[in-house]
Amino acid sequence: MVDVILGLQWGDEGKGKIVDYFANDYDVIARFQGGPNAGHTLYVDGKKIVLHQIPSGIFHENKTNLIGNGVVLDPVILKKECDNVSAFGVNYKKNLFISERTHLILPTHRAIDRASELSKGIEKIGSTLKGIGPAYMDKTGRNGLRVGNLLDKSFTTEYIKLRLKHQKLLDSFNFNEDISGWEEEFFDAVEFLRGFNIVNGEYFINEKIREGQRVLAEGAQGSMLDVDFGTFPFVTSSSTISAGVCTGLGVAPQKIREVFGVSKAYCTRVGSGPFPTELNDETGELIRNTGHEFGSTTGRPRRCGWIDGVALQYACMINGVTQIIMTKADILDNLAELKVCNGYNINGEEKNIVPFQMNRVNIEPVYKTFPGWQEDITAITQYQDLPEAMKNYISYLNGYLGVPVKYISNGPGRDQIVVA
Ligand code: GDP
Ligand code: IMO
Ligand code: MG
């Protein structure tokens, strides 16, 4: 049996905290896509830690954590992350496994990401510059190197061959930064990775499922950043939706049970691209400051706005979401009123569908306004104690989305969560 936790918006919904909260109930926690573009924040013993590639179950003893084949892995970043979690007493040598089919992010992938972004004008994606796009391009282009290849004698030769191809591409961008330092670091991290638990991920996970173990698949990014269904081309390069679990881990669709969709009580986006409910005003600024909305991976300020019901409904549909987890509800504590976008006005016509190219049409969001609760909710532990105004807000969303909000997160702490 596999349950999934994934983001319904443009990432940073608080997936890390939620996975950490739910991890107790599972035996295996597995990442199925994305790479170090992700930044999942957890509080362990009151201390903040940001994970990029290691699944957010790592701080629970005796849980298996798997980096699945759908992930693109940067060994240099993994080595740093391992050092970080070790400082918390985590024995990653025992609890962390990597699929041999996982593709590697090479130093040249990072260089190509940079060169490609630098070459663009206003059409910049706002990539995290971690080499994600180029690594997935080499995967689908059938050139990439995989974690299993580290054990081949010919690994260095294969690397050099690929590097020559990449150099041609870099030359075409006139990119001439020296990346030899990155390569040195890379080969150092490759040695480290060779000593890891490298497994055949698909047999590994299916064996666990057969034994009756419970698997939690941890999404990165969000549904609106999905390469197929997101706001293309302002998206990431992987399948961030529930279907990605099957290809990213090698599990069959009928093994998937619950799909927990995580959404903030408002909405944020980092990087470029359309964002119909964005607030370029004092309220947006207030949400950013109260919510500490600055990127966990890049430190960039996140764009903030009202919750987008149209996009959420779409995300629930393509993911088959069974329960919604609403995070950062406490950030709205001081607002006198809040809004839910329940329609898009496009050329004078009101619709509630996500258009083909959001960036090519002018969307005027249609809002329903709600009174704020103006009360500190961070210490509340029971649903019945939440303010009436908040219950109304949630109840409206339940009806509009047709999927219930079952959990409300009211602070960054491990235990700050209310069950509806
Ligand atoms: P992720 O990428 O989806 O894991 O989310 P991030 O870690 O990038 O961003 C979420 C941020 O919100 C982190 O700093 C979390 O500690 C914080 N956070 C998560 N849930 C809550 C919540 O309910 N309330 C508050 N105030 N902060 C939260
Ligand atoms: P988590 O898992 C928010 C965004 C980038 C950029 C676009 C493409 O923490 O929610 P990429 O580096 O993938 O080529 O960037 O996607 N992006 C994220 N935004 N949270 C993330 O991950 C993101 N990962 C990528 O800002 O707009
Ligand atoms: Mg994040």
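This is a predicted model: local features need pLDDT of at least 70, side-chain atom pairs count only at pLDDT 80 or more; totals for chains, interfaces and linings use all residues.
## A tour of the chain

Residues are numbered from 1 along each chain as its sequence is written, chains are lettered from A and ligands numbered from 1 in the order in which they are written, and side-chain values use heavy atoms, without hydrogens and water.

Switch to a cartoon view. The chain has 12 helices and 20 strands, taken as DSSP runs (H or I, at least four residues, for helices; E, at least two, for strands) and numbered from the N terminus. Its radius of gyration is 21 Å, close to the 22 Å from the globule rule for 420 residues, so the chain is as compact as a globular protein of that length; the radius is taken over C-alpha atoms, and the rule is 2.2 Å times the number of residues to the power 0.38. Along the principal axes, the C-alpha atoms fill a box of roughly 65 × 50 × 40 Å.

Among contacts (heavy atoms within 4.5 Å) with a separation of 6 or more, 76% join residues 24 or more positions apart.

Now select Arg-31, in strand β2 (residues 28–31). Arg-31 counts as buried, because its relative accessibility is 1%. Show its side chain, which reaches the backbone oxygen of Gln-33 at 3.1 Å. Beyond its neighbours within four places in sequence, Arg-31 is in contact with residues including His-40, His-52, Gln-53, Leu-66, Val-71, Glu-218 and Leu-249.

Select Ser-56, in the loop between β4 (47–51) and β5 (64–67). Is Ser-56 buried or exposed? Ser-56 is buried, with a relative accessible area of 0%. Its side chain makes a polar contact with the side chain of Glu-218 at 2.7 Å; such a contact is a pair of N or O atoms within 3.5 Å, where within protein one must be able to donate a hydrogen and the other to accept it, and residues adjacent in sequence count only if both atoms are side-chain atoms. Leaving aside neighbours within four places in sequence, Ser-56 also has contacts with Gly-16, Asp-20, Ile-29 and His-40, among others.

Definitions and conventions
Buried means under 20% relative accessible area, exposed over 50%, partly exposed in between (1.4 Å probe, protein chains only).
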